[in-house]
Amino acid sequence: MDDVRAYEASDSLSGAQKVALRLHDAFLVHPGHVSPALRAEALAHFTAPQLVELALKFYFWSSNRPTVALGTLAADAPHDPNRLTSFHYDDEGRYIVHSST
Amino acid sequence: MTWLPVRAESGSERDGVFGLMPDVDELLCDILSVADQISDPWLLECCHFRQSQLMSARAALAGVDASLLADLENWHASAFFSNRERAALSYAEQYHLDHDVISDEQKDQLSRYLAPREFVNFVWALHAYEAYARVLALLDIAPDPNPAAKPRHRRSGAAEDGRTSGTDATAEGGMWSLLDPAFGNVYRTLAQAVVRQKLIDEVTSEAIRLHNASHQGCQY
């Protein structure tokens, strides 16, 4: 998680992964202002189909925003309020929470 | 034009870009269609146009009535909009800028006009369109050469400033029980389609998911 939060300084993430995260930052903050330099980096590391897949993953992952915005109406308490929950989606799109023990 | 090296065979960049992933594109269209059905489509469309203005999503704004766009640019002062519409536009703007700090006043204002079930469905519908506009803006997809005239929906009687009333105003339950099942179904189908895409490796996908959760204030 620390690598992701401070991804530019990470020794673990690859150049391509850092570019993907820079694009994600653009999606989150100023989607209409992707710099020419970032566009060039993205095209150097990813094909057009990969970039479309990335954009659609950005779309899908962002679906936690309504839950956060709706606040108490969400009625879905964090599994652990002090940390992010580890989970993945299986091949059928089911939400699988990893055990914290 | 988009910065992706994509040929727009039909003349539509949108179709050329999303045509690279046709199964997901179909579901994306489905989720937007269901979004229209679970909320006041005119209200939703106005909010979508305003959010698209904020992020320069030019493909989403093509074909929109120029007078409506001018009113949306100045919705705070425009006499065109009702109080109900202004409450929705205020919420939608803040949702775009930072969904985590929508004020109690903004929520209360909108709650005066949308009962809990309507509120939940409006927010999910708003999100479906807002995130779509982000994708259009990120990839800088050009407007279709012959865009359909917009708005597509007509202002309904609900555009008036009627307050919430009736049984729906007292609907109880968590978000998932209030969300229209049709939206939940198409959302789950989209989830399945997205996680099945494997052009992006799993480590990168997971890094993006964690980066998103960290940024969005999500602890789930």
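Visitor: Where does Asp140(B) lie in chain B?
Guide: Asp140(B) is in the loop between α8 and α9 of chain B. Helices here are DSSP runs of H or I with at least four residues, strands are runs of E with at least two, and both are numbered from the N terminus. This is a predicted model, in which local features need pLDDT of at least 70 and side-chain atom pairs count only at pLDDT 80 or more, while totals for chains, interfaces and linings use all residues. Residues are numbered from 1 along each chain as its sequence is written, and chains are lettered from A and ligands numbered from 1 in the order in which they are written.

Visitor: What makes Asp140(B) count as buried or exposed?
Guide: Its neighbour count does: Asp140(B) has 21 C-beta neighbours inside 10 Å, so it counts as buried. The cut-offs are 20 or more other C-beta atoms within 10 Å for buried, 12 or fewer for exposed, and partly exposed in between, with C-beta atoms placed from the backbone. Asp140(B) also has a positive phi of about 50 degrees, although it is not a glycine.

Visitor: How do you know which class Ser56(B) and Glu73(B) fall into?
Guide: Ser56(B) has 16 other C-beta atoms within 10 Å and is therefore partly exposed. Ser56(B) lies in the loop between α3 (41-54) and α4 (58-61) of chain B, and its phi is near 55 degrees, positive in a residue other than glycine. Glu73(B) has 12 C-beta neighbours inside 10 Å, so it counts as exposed. You will find Glu73(B) in helix α5 (residues 66-73) of chain B.

Visitor: What is the omega of the bond that joins Lys150(B) and Pro151(B)?
Guide: Omega is about 10 degrees, and the peptide bond is cis. Pro151(B) lies in the loop between α8 and α9 (175-178) of chain B.

Visitor: Why is chain B called as compact as a globular protein of its length?
Guide: Let's begin with the elements: chain B has 11 helices and zero strands. The radius of gyration of chain B is 18 Å, close to the 17 Å that the globule rule gives for 220 residues, so chain B is as compact as a globular protein of that length. The radius is taken over C-alpha atoms, and the rule is 2.2 Å times the number of residues to the power 0.38. Of the 220 residues, 41% count as buried.

Visitor: How do you know where the buried residues of α10(B) point?
Guide: They are Phe183(B), Val186(B), Leu190(B) and Val194(B). Seen down the axis of α10(B), these fall within an arc of 80 degrees (of directions from the helix axis to the C-beta atoms), so they line one face of the helix. On the other side, Pro181(B) and Asn185(B) are exposed. The buried residues pack against α4 (48-61) of chain A together with α2 (22-37) and α8 (116-138) of chain B.

Visitor: What makes up the side of chain B that touches chain A?
Guide: The contact, defined by C-beta atoms placed from the backbone and lying within 7 Å, takes 57 residues from chain B and 50 residues from chain A. The largest share of chain B's side, 12 residues, comes from α11(B). That side divides into 36 nonpolar, 15 polar and six charged residues. Here Ala, Val, Leu, Ile, Met, Phe, Trp, Tyr, Cys and Pro count as nonpolar, Asp, Glu, Lys and Arg as charged, and the others, Gly among them, as polar.

Note on methods. Contact = placed C-beta atoms within 7 Å.
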